[in-house]
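Good morning, colleagues. Please take a moment with the sequence and the model on the screen, and then I shall go through them in order.

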Amino acid sequence: MIIDDSHYDVIVIGSGAGGGTLAGALSRQGKNVLVLERGGAMALEDQNVADVDLFRKDRYHPRNEQWFGPDGDPFAPQTTYALGGNTKIWGAVLERMREQDFGEVTLQEGISPAWPINYSELAPFYDAAETLYRVHGKAGVDPTEPKRSGEYLAKPKPIESFLEPLRCALERQGCKPYDIPLSWSEDQDDPSGDSQLFGLEVSDLDHLTVQSNAKVIRLHVSPSGRQVKGVEAEVNGDSWLFNADVVVLAAGAVNTPAILMRSGNTHHPKGISNGSDQVGRNLMNLQLTSILQLAAERNNGRYGRSLGVNDYYWGDKNVSFPLGHIQTAGGVLQDALFAESPPVLSLVTKMIPDFGLERLASRSVAWWAMTEVLPDPHNKVWLNNDQIRVNYIHNNREAHDRLVYRWIDTLKAIEADPVTKVVIKAPTHARGEAPLSVVGYGCGTCRMGEDPANSVVNADGRCHELDNLYIADASVFPSCPSVGPGLTVIALALRLAAKLS
Ligand SMILES: Cc1cc2nc3c(=O)[nH]c(=O)nc-3n(C[C@H](O)[C@H](O)[C@H](O)COP(=O)(O)OP(=O)(O)OC[C@H]3O[C@@H](n4cnc5c(N)ncnc54)[C@H](O)[C@@H]3O)c2cc1C
């Protein structure tokens, strides 16, 4: 094993939404930071501006990696190992959780637990996160929007022209569509923001070292078991040991618990910081269903996500529990999530046989329905002879189905509205749920809490059983709100940077 000579203030493992943001912020505070990232720079043609290849869906899967599902069958996860992690292919929709999402929320199937922090504690970091990631948005339209200190710094970018009449059509149905807040850069080739651009590249370069192609295998602890003393990584085929005063795991909701479990020793027989047996448990993956509508005119299939609707976020007429969030998907040829959905699209081509897949993509308006799930200890990431296993069964399904049917009714009403010319009545609204391999929205596997008996990290993100080990990624979420987790991961990372200053 090669032992690195340098000693760092902080080692950050992973450079996605949490790690990339944290590393940049700490370096600006003058800390000497080493980032260990298992991927390398992602080729521009594979980034989110590139055409989603509907037929070669492994484009968004790491090569040579298989995880195993509940039945033991292998699957290729849709997760990106690269500088910037999943933010390289995300939709860049950066929404705040609602105030109530931080408290206990009664879902149809049970109680979604409270966080150990509340909205007002995170609000200044949400402000900072939106500024850092240049979030374009418009306040005051979405009635569920949480309190904010002011307007977004940048106005929403104009949306595709055929979506404007759809916005009006939704308003005629009594909905309150809003421009979803999006992270945008000025880069023509790759306009959506990500954590390589707004995390690593806005760092103080004198204080940041980025080691790519460095896959962290395990952590080594002091004889007392209270301190991480070494981080073991495979760098270009060699085994290396790095050390720092503070170590932060930000390898995402599946790899962070895997590293902890792989690091077991006499002090931590079930894995580091796993005395509570909670590491890897409570995996939550948003329920995501795509719903297709037929457009009257061709569109180019290449545009970003645009409109959001939260009219059913907290319920509906005669429904007193949350249903979830709706957003327009990006164009079917651009939104990476569709790379996982050829089964849905091919179903449609069967129903409309004269439509090729490419033509269908350009004649569709696609929507995502998103509903939160409850933490369940049986939904877990675990290691079987070092292979990653994911046991997962969605819960809160009826609420999600209600949202999907409610939305299809809304779409039908729009299509029946004679004023609306941009969509046409379809014989049916094809839809499909994201499969287990779409793990990119996963969270909850090292949850945050004050009680070490049922959580892994405290409210600051520090592992209960160690003095210098923190977690700064989506695994710390105690619950999984129906809006995407990205902005909250970024805000938590900025909050941790402030705590470590
Ligand atoms: C197609 C897609 C679209 C999405 N769209 C949105 C959206 O519009 N809005 C939203 O809020 N969320 C979206 N998400 C979810 C969002 O991307 C994630 O919630 C967010 O990136 C989580 O941040 P993270 O820091 O936890 O993990 P990640 O961003 O996944 O980062 C983890 C990092 O750790 C690295 N890593 C993993 N294992 C190791 C190891 N052993 N050693 C070293 N490095 C390691 C990875 O390479 C990666 O860089 C989307 C996800 C996908 C897949």
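This is a predicted model: local features need pLDDT of at least 70, side-chain atom pairs count only at pLDDT 80 or more; totals for chains, interfaces and linings use all residues.

Two residues are in contact when their C-beta atoms, placed from the backbone, lie within 7 Å.

I begin with α5, residues 252-262. Its buried residues pack against β11 (214-221), β13 (238-249), β18 (380-384), β19 (387-391) and β22 (469-471). Of the 11 residues of α5, 10 are buried, so the rest of the structure largely encloses this helix. Those buried positions run from Gly252, Ala253, Val254, Asn255 and Thr256 to Pro257, Ala258, Ile259, Leu260 and Met261.

The next topic is the ligand. Which element gives the most to the shell around the ligand? That is α5, with 4 residues. At least two residues each also come from α1 (17-28), β11 and α9 (486-499). There are 40 residues around the ligand, and those that come nearest are Gly14, Gly16, Gly440, Gly484 and Gly486. Sorted by class, the shell has 20 nonpolar, 16 polar and 4 charged residues.

Let me turn to the protein as a whole. It has 9 helices and 22 strands. The radius of gyration is 22 Å, close to the 23 Å given by the globule rule for 501 residues, so the protein is as compact as a globular protein of that length. The C-alpha trace spans about 75 × 45 × 45 Å along its principal axes. Buried residues account for 52% of the 501 residues. Among contacts with a separation of 6 or more, 75% are between residues 24 or more positions apart.

The largest nonpolar core holds 131 residues, and Ile11, Leu22 and Val248 have the most contacts inside it. Helix α9 contributes the largest share of this core, 9 residues. What does isoleucine 11 contact, once its neighbours within four places in sequence are left aside? Its partners are Leu34, Leu36, Val231, Phe242, Ala244 and Val247.

Now to strand pairing. Strands β18 and β19, both of which pack against α5, run antiparallel and are joined by 5 bridges. Asparagine 384 stands opposite glutamine 387 in β19. The hairpin of these strands has 2 residues between them, and in it asparagine 385 takes a positive phi near 50°.

A second case is β16, residues 325-328. It pairs in the antiparallel sense with β15 (residues 307-309) through 2 bridges, and with β17 (residues 364-371) over 4 bridges.

Not counting residues up to four places away in sequence, arginine 218 touches Glu232, Ile259, Arg262 and Ser263. Glycine 150 is 68 residues from arginine 218 in sequence, and their C-alpha atoms are 43 Å apart in space.

Technical notes. Residues are numbered from 1 along each chain as its sequence is written. A residue is near a molecule or strand if its C-beta atom, placed from the backbone, lies within 6 Å of it. Ala, Val, Leu, Ile, Met, Phe, Trp, Tyr, Cys and Pro count as nonpolar, Asp, Glu, Lys and Arg as charged, and the others, Gly among them, as polar. A residue is buried if 20 or more other C-beta atoms lie within 10 Å of its own, exposed if 12 or fewer, and partly exposed in between; C-beta atoms are placed from the backbone. A nonpolar core is a set of buried Ala, Val, Leu, Ile, Met, Phe, Trp, Tyr and Cys residues joined through C-beta atoms within 7 Å. The radius of gyration is taken over C-alpha atoms; the globule rule is 2.2 Å times the number of residues to the power 0.38. Two strands pair if DSSP finds at least two bridges between them.
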